[in-house]
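User: I am new to this structure and would like to learn how to read its features. Please guide me through them.

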Amino acid sequence: MPDLRHAGDWGVGVTIMAVLAAPILCLGDVRYFEENALIELTQCALAWTAGVLFMVAAMRAPDRLSVLTLLWLSLFSLTLLVREIEFDGTRFEPWLDSAMDMDLDYAVLGIVMIALFLLSLGYVRAMAVATIAWMWKGAGRLLILGTVFYLLGDVGEKGLLSDDDAFNRIFEESFELLGTLCLFVCAHATLRRRAAFSPATARQTP
């Protein structure tokens, strides 16, 4: 009988293979790299799932420091989702015209960020130290790698590499896809290993 505890690991493995194969199979056809096309929708799905996984990890965290740090990571993931998701040209656009004009999505994120910051008062220094330590080992290194990939995608978005818009679009979306994939795997590993950020309760479960 299969060990159901590892079903999530198999699911993540299949996701990694599928996501890595997608830009290779779609290479040369810029339609897959346009707004709201396959590659960008995959990015949104990965960022959303990462946010949920970090949130679940926060719910299971053993101490307040870990809870707050994981909630910040969840908010970071959801911020990437809001940045990537586009309603222009979709069937939702007529319903969301006012919301998009007022940038309500960023307003809600701002309110959540302020609330989380207020909850984090008194823990800011400890959170910064713990997060830096975490980012140099285990799942945290995936967050660093994902951030590097995402920044490389911005280079393509700004058209700094070529005058060919199609090349820039493919470059941008491919590296942003790798960035969100790293974030997703980081979130899964953080939850799977029950990472704690407080030195007194830090532990990892294989």
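**Reading helices and burial**

Analyst: Thr180 lies in helix 8 (residues 165-192); helices (H or I, at least four residues) are DSSP runs, numbered from the N terminus. This is a predicted model, in which local features need pLDDT of at least 70, side-chain atom pairs count only at pLDDT 80 or more, and totals for chains, interfaces and linings use all residues. Residues are numbered from 1 along each chain as its sequence is written, and side-chain values use heavy atoms, with hydrogens and water left out.

User: Is Thr180 buried or exposed?

Analyst: Buried means under 20% relative accessible area, exposed over 50%, and partly exposed in between (1.4 Å probe, protein chains only). Thr180 has a relative accessible area of 1%, so Thr180 is buried. Leaving aside residues up to four places away in sequence, Thr180 touches Gln43, Leu46 and Tyr150; contact means heavy atoms within 4.5 Å.

User: Which residues of helix 7 are buried?

Analyst: An α-helix has 3.6 residues a turn, so residues three or four places apart point the same way. In helix 7 (residues 140-157), the buried residues are Gly140, Leu143, Gly146, Phe149, Tyr150, Gly153, Asp154 and Gly156. Viewed down the axis of helix 7, these buried residues fall within an arc of 165°, so they line one face of the helix; the arc is that of the directions from the helix axis to the C-beta atoms.

User: What does the face of helix 7 turned away from its buried side carry?

Analyst: That face of helix 7 carries the exposed residues Arg141 and Leu151. The cover over the buried residues of helix 7 includes helix 3 (64-84), helix 6 (124-135) and helix 8.

Technical notes. Helix = DSSP H or I, 4+ residues; strand = E, 2+ residues; numbered from the N terminus. Expected span 1.5 Å × (residues − 1).
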